[in-house]
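Good morning, and thank you for the time. I would ask you to look at the model on the screen while I speak.

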Amino acid sequence: MGEYLPIILICIVTSFFSNILFQKIFIQNNLTDEVTERSSHKVIATRSGGISLFMVIFTFSCFFYFSGSEVFDFSYLVPLSLLMLVGLYDDIYRIDFKLKFIFQIIAAKIIIDNGLIIDNLHGVFDIFELNRVLAQMITIFFIVAIINSINFIDGIDGLAISIVSLFIILFEAFSFYETGFSFLSVMILASIVPVYYFNFKNERKVFLGDSGSLFLGCIVSIYVINILSQEYIIKDRYDMHKIIFVISILFYPIIDIIRIVFKRLVEGKSPFEADKKHIHHLILRGVKSHFVTTLVITISSILFMISLQLVF
């Protein structure tokens with residue numbers, strides 16, 4: 001842990017001032033989040049958290065790249081940058097969900113071309129090795145589903161960053177071998193710390209926005225495909241158990257996206273039509289606190305993960 005301490009401190013400080021800078025730019029250009037009936041806030045807020053978070057990661061990645069230190073596979077910055085920019089454009093100008101969906105598929109194909117692909121189901125549904133075309137289709141489905149599941153839970157203060165942080169911590173903690181993402185994980189977790197402060201402020205709040213949720217969703221999808229595409233990545237969790245592991249640490253996003261998509265389809269609505277009928281919105285109505293709601297869901301996710309790990 002000592003080797004990561006300098007970059008942790010630098011990322012926290014840089015992220016803090018990055019959030020201040022981009023919020024100021026957004027406010028000066030009148031790019032504040034409009035308060036509507038769907039809003040969970042009634043104060044000035046900007047969707048600048050995503051670009052702030054991304055710029056910290058991108059800046060330090062460039063520094064390590066040009067200094068010749070390959071701390072992780074820098075090629076993953078391509079799909080991450082693509083989705084962050086698409087999300088940022090949506091935060092500012094609003095674009096149709098179909099266009100975002102197309103860019104998510106493009107990002108998924110880039111990830112596959114970088115070598116991450118689910119080409120073996122390890123006996124799930126009695127299926128083992130997959131042909132190249134089917135493997136790519138299944139991998140794209142997983143990536144797009146994960147990205148949208150993270151995007152869907154970004155509806156109240158602190159929830160998305162808490163679930164993503166929990167996932168990254170468990171991804172690294174349960175890894176038997178070097179994941180290849182440890183340095184990136186540390187930078188992301190450190191950069192997220194100041195976002196909590198700005199997210200929970202009573203005034204001049206900072207939200208992740210689509211730029212942040214798509215960026216973090218893409219990171220989670222890369223980590224998940226890394227788990228599912230390698231044979232011995234999770235300690236004491238092989239073959240089908242890798243899928244159980246993924247389900248256990250992404251319990252809430254998986255449950256929420258399945259529930260909300262089916263609910264909207266039954267009601268004859270688009271699965272991507274925004275509303276306030278997510279599980280976290282229902283909990284929020286009861287407890288009347290964003291912090292308590294986020295805490296309840298995070299603790300529930302941890303307990304579910306522990307229970308599932310004990311069973312399997």
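First, the basis. This is a predicted model, in which local features need pLDDT of at least 70, side-chain atom pairs count only at pLDDT 80 or more, and totals for chains, interfaces and linings use all residues. Residues are numbered from 1 along each chain as its sequence is written, and side-chain values use heavy atoms, with hydrogens and water left out.

Let me begin with the rings. The structure holds 23 aromatic pairs. Rings of Phe, Tyr and Trp (its six-membered ring) pair if their centres lie within 6.5 Å; planes under 30 degrees apart count as stacked, over 60 as edge-to-face and the rest as tilted. Phe64 and Phe183 form an edge-to-face pair, at 5.0 Å centre to centre with 80° between the planes. This pair links distant parts of the chain, since Phe64 belongs to helix α2 (residues 49-66) and Phe183 to helix α7 (residues 182-199), 119 residues apart. Helices here are DSSP runs (H or I, at least four residues), as are strands (E, at least two), numbered from the N terminus. Both Phe64 and Phe183 are buried, where buried means under 20% relative accessible area, exposed over 50%, and partly exposed in between (1.4 Å probe, protein chains only).

A tilted pair is formed by Phe167 and Tyr223, with 6.3 Å centre to centre and 35° between the planes. Here too the pair links distant parts of the chain: Phe167 lies in helix α6 (residues 159-173) and Tyr223 in helix α8 (residues 209-229), 56 residues apart. Phe167 and Tyr223 are both buried.

Which residues have the most contacts inside the largest nonpolar core? They are Ile7, Met187 and Tyr223, in a core of 82 residues. Such a core is a set of buried Ala, Val, Leu, Ile, Met, Phe, Trp, Tyr and Cys residues joined through side-chain atoms within 4.5 Å. Helix α8 gives the most to this core, with twelve residues. Leaving aside neighbours within four places in sequence, Tyr223 is in contact (heavy atoms within 4.5 Å) with residues including Phe167, Leu184 and Ile188.

I turn now to helix α2. Its end C-alpha atoms are 26 Å apart, which agrees with the 26 Å that its 18 residues should span at 1.5 Å a residue; the expected span is 1.5 Å times one less than the number of residues. Among its buried residues are Gly49, Phe54, Phe60 and Phe64. What covers the buried residues of α2 includes α1 (5-28), α3 (77-93), α7, β4 (205-206) and α8. After α2 comes Gly68, with a positive phi near 85°.

Finally, two single residues. Gln23, in helix α1, counts as buried because its relative accessibility is 7%. A polar atom of the Gln23 side chain lies 2.7 Å from the backbone oxygen of Arg204. Gly180, by contrast, is found in the loop between α6 and α7, and counts as partly exposed because its relative accessibility is 33%. Gly180 and Val71 are 109 residues apart in sequence and 7.8 Å apart in space, C-alpha to C-alpha. Leaving aside neighbours within four places in sequence, Gly180 is in contact with Val71 and Phe72.

Notes:
Polar contact = N/O pair within 3.5 Å; in protein donor to acceptor, adjacent residues only side chain to side chain.
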